[in-house]
Amino acid sequence: MSRETLEYHWGKHHRTYVENLNHQIVGTELDQMTLEDLILASYNRGNILPPFNNAAQIWNHEFFWESMKPGGGGKPSGYLLELIKRDFGNFEALVKELKSAASSQFGSGWAWLVYKANRLDVGNAVNPRLQEEDKKLVVVKSPNAVNPLVWDYSPLLTIDVWEHAYYIDFQNRRADYITIFMEKLVSWEVVSLRLELAKARASEREREEERRKREEEDGYSAGSEAVEMYLESETDESEPEAE
């Protein structure tokens with residue numbers, strides 16, 4: 001990736017997203033939110049509000065820059081490699097799937113490796129406790145500014161396939177840019193760290209859900225006992241006195 005591309009991509013496009021978002025949210029309740037919360041609020045379950053595109057593009061680009069390092073590429077190791085082998089068969093299969101997602105994204109967008117450990121977001125659904133094998137790595141792609149946070153996935157790696165990410169260096173040869181990214185730029189150390197954080201968040205959420213469930217059950221149990229005591233009291237008072 002050339003210096004010209006970095007100066008143009010980061011110095012113009014990324015900076016413009018920041019400036020535009022600041023203008024959009026100044027003096028509003030959104031101004032006090034974290035960037036992640038702002039993204040979720042403005043995505044609005046698909047009924048996208050005006051700040052979403054700038055907010056998501058800021059997050060996406062920061063994530064993209066941190067996904068790279070000088071002299072990157074190679075293969076991951078440790079637990080990340082174990083999950084890759086479990087969920088994709090082997091590392092080469094993951095690379096092939098990522099390249100396919102990035103190449104086939106029509107128009108502007110992103111390709112992602114994510115950690116999926118979510119439940120159905122349906123109010124009346126009872127979701128069973130996830131088993132460890134249900135928590136998996138998957139490859140997804142998203143159009144324009146959309147990122148996997150809005151699907152409740154934990155992003156681990158992304159490839160920017162907006163044209164401005166590669167046109168100066170590769171013109172319309174998107175596939176060549178994707179290959180260089182995977183072979184020379186990706187930081188698997190960062191991806192491994194993100195995986196550990198994603199697992200920790202998933203575990204913390206499970207503990208919180210278990211805590212809420214116990215509190216609801218305890219509240220229901222206490223309410224039932226109170227009703228029984230009330231009914232027993234009424235019964236006692238209605239019994240005739242013995243002569």
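**A guided reading**

Guide: Let's begin at D160, which is buried, with a relative accessible area of 0%. Buried means under 20% relative accessible area, exposed means over 50%, and partly exposed is in between (1.4 Å probe, protein chains only). Please keep in mind that this is a predicted model, where local features need pLDDT of at least 70, side-chain atom pairs count only at pLDDT 80 or more, and totals for chains, interfaces and linings use all residues. Residues are numbered from 1 along each chain as its sequence is written, and side-chain values use heavy atoms, with hydrogens and water left out.

Visitor: Where is D160 found?

Guide: D160 is found in strand β3, residues 154-160. Strands (E, at least two residues) and helices (H or I, at least four) are DSSP runs, numbered from the N terminus.

Visitor: Which side chain does D160 join in a polar contact?

Guide: A polar contact is a pair of N or O atoms within 3.5 Å; within protein, one must be able to donate a hydrogen and the other to accept it, and residues adjacent in sequence count only if both atoms are side-chain atoms. Here the side chains of D160 and H61 are joined by such a contact of 3.5 Å.

Visitor: How should I read a salt bridge?

Guide: Side chains of opposite charge can pair when their charged atoms come close. The rule used is a side-chain nitrogen of Lys or Arg within 4 Å of a carboxyl oxygen of Asp or Glu. The structure holds ten salt bridges. One of them joins K135 and E206, at 3.0 Å from N to O. K135 lies in the loop between β1 (109-116) and β2 (136-143), and E206 in helix α8 (residues 188-238), so the pair ties together parts that are 71 residues apart in sequence.

Visitor: Are K135 and E206 buried or exposed?

Guide: K135 counts as buried at 7% relative accessibility, and E206 counts as buried at 8%. Now look at D87 and R86, whose salt bridge has its closest N and O atoms 2.8 Å apart. D87 is partly exposed, with a relative accessible area of 24%, and R86 is partly exposed at 38%.

Visitor: What separates R212 and E208 in helix α8?

Guide: They are four residues apart in helix α8, so about one helical turn separates R212 and E208. Their salt bridge has its closest N and O atoms 3.6 Å apart. R212 is partly exposed at 38%, and E208 is partly exposed at 27%. A network of salt bridges links E208, R211, R212 and E215.

Visitor: What about the nonpolar residues?

Guide: In soluble globular proteins, nonpolar side chains tend to be buried together. A nonpolar core is a set of buried Ala, Val, Leu, Ile, Met, Phe, Trp, Tyr and Cys residues joined through side-chain atoms within 4.5 Å. The largest one here has 61 residues, of which L94, L113, Y115, L137, I159, F181 and W188 touch the most other members. Helix α3 (residues 52-66) gives the most to this core, with eight residues.

Visitor: Which residues is I159 in contact with?

Guide: Contact means heavy atoms within 4.5 Å. Leaving aside neighbours within four places in sequence, the partners of I159 include F64, W110, Y177 and F181.

Visitor: Where does Q105 lie?

Guide: Q105 lies in the loop between α5 (91-104) and β1, and is buried, with a relative accessible area of 8%. A polar atom of the Q105 side chain lies 3.4 Å from the backbone oxygen of S108.
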